[in-house]
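Hi everyone, thanks for making time today.

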Amino acid sequence: MAAEEVAPPGVDISTPSIARVYDYMVGGKDNFEVDRMVAQRALEIVPDGLEAGRACRALLRRAVRYLAAEAGIRQFLDIGSGLPTETNVHQVAHGVDPAARVVYVDNDPSVLVHGHALLAGDGTTALIEADIRSPETILEHPVVREKLDFTQPIGLLLFSVLHHLNDGEDPGGIAATLRDALPPGSHLAIMHFWDPAEEHPETSARVRESERVFNESLGTGRWRRRAEIEAFLGDFELIEPGLVPLAEWRPDGEAVAEQKETYYTMLAGVARKR
Ligand SMILES: C[S@@+](CC[C@H](N)C(=O)[O-])C[C@H]1O[C@@H](n2cnc3c(N)ncnc32)[C@H](O)[C@@H]1O
């Protein structure tokens, strides 16, 4: 650990955190030596990892803009929201409607420490510390109930969070509990590590290696098959173009991140509850 690094109160910098490793990957500053070491190991396997980080955030912006501008969504539940970064969900949503409401949820204390940057200061946004493995706690949380009206469509954002649950933690059941709580017209947007074994077998070996490194260093990280990821959407109707590599989901003309090694290692999609 570098001598100058000081942990904010309540933040453990002796072990790496998913939120802070990702923060490094998307060009943030709220990470520590222990996190950068994990990121460097990942970058040895996927040299375009920083481009992948850019692609993730660009996808998030496009999906939230689609939900607000085209699907008419005015309230968002963003679980596994991550550390504040350049453009956050509420800023994208407020670009369409300044009254749009967003509740951010994360279980990493680092996110709470830096979370003030996630709050618009006008009562439209809130941040709670909670764990997706207890979806009922999130759904019943007083802040969630205060900010979000469960009789009106909600945009549920599960961006790069379900792949941090291992199979024994029942990610399918958790996704179903969350979906079931939403009223018709709600949307689920998802981004997930993908093992493209059937479609791009040449990429699968690298994916297995990434999974090994993530699990050794972070204790988490599952690259799932397309059918497993699609199952998280339940009977929601997939919006065009379906579940696709990040760059292919409704490109908007913004410069596309140059993903090479990681192009076929993540899928994103949006689906609507009938
Ligand atoms: C890879 S980051 C994704 C951040 C953001 N959603 C994005 O796509 O840019 C994953 C986030 O999920 C959070 N996370 C991981 N496991 C979680 C859990 N069990 N409950 C809530 N959040 C979790 C991590 O702390 C981290 O901030």
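Let me start with a word on naming: helices (H or I, at least four residues) and strands (E, at least two) are DSSP runs, numbered from the N terminus. What you see is a predicted model, where local features need pLDDT of at least 70, side-chain atom pairs count only at pLDDT 80 or more, and totals for chains, interfaces and linings use all residues. Residues are numbered from 1 along each chain as its sequence is written, and side-chain values use heavy atoms, with hydrogens and water left out.

Now, the ligand. How many residues surround the ligand? There are 19, and the closest are Tyr 22, Arg 57, Gly 80, Asp 106 and Asp 131; a residue is near a molecule if one of its heavy atoms lies within 4 Å of it. Helix α1, residues 18–25, supplies the largest share of this shell, three residues. By class the shell holds eight nonpolar, six polar and five charged residues. Here Ala, Val, Leu, Ile, Met, Phe, Trp, Tyr, Cys and Pro count as nonpolar, Asp, Glu, Lys and Arg as charged, and the others, Gly among them, as polar.

Next, the polar contacts, meaning pairs of N or O atoms within 3.5 Å. Tyr 22 places a polar side-chain atom 2.7 Å from an oxygen atom of the ligand. Gly 82 has a polar backbone atom 3.5 Å from a ligand oxygen. At Ile 132, a backbone N or O atom lies 3.0 Å from a nitrogen atom of the ligand. On its own, the ligand has 600 Å² of accessible area, and the protein covers 97% of that, going by the Shrake-Rupley method with a 1.4 Å probe.

So much for contacts; on to the spaces. On a 1 Å grid over the protein atoms alone, a cavity is a set of points where a 1.4 Å probe fits but cannot get out, and a pocket is an open set with protein on both sides within 12 Å along at least five of seven lines; lining residues have an atom within 4 Å of a point. Grid points are joined across faces, edges and corners, and a volume is the space filled by probe spheres set on the points.

Where does the ligand sit? The ligand takes up the space of the largest pocket, where sitting in a pocket needs more than half of a molecule's atoms within 2 Å of its grid points. This pocket holds about 970 Å³. Of its 50 lining residues, Ile 18, Tyr 22, Ser 160, His 163 and His 164 are closest to the centre. Helix α3 gives the most to this lining, six residues.

The second largest pocket has about 250 Å³ of space. It is lined by 17 residues, with Val 26, Arg 57, Arg 61, Thr 85 and Glu 86 nearest its centre. Its lining divides into five nonpolar, four polar and eight charged residues.

Finally, the cavities: three of 30 Å³ or more turn up in the whole structure. The largest cavity holds about 120 Å³, and its lining residues include Ala 55, Arg 62, Leu 246 and Gln 259. The second largest cavity has a volume of about 50 Å³. Tyr 22 and Arg 57 are among the residues lining that second cavity, and α1 gives the most to its lining, three residues.

How values were computed:
Polar contact = N/O pair within 3.5 Å; in protein donor to acceptor, adjacent residues only side chain to side chain.
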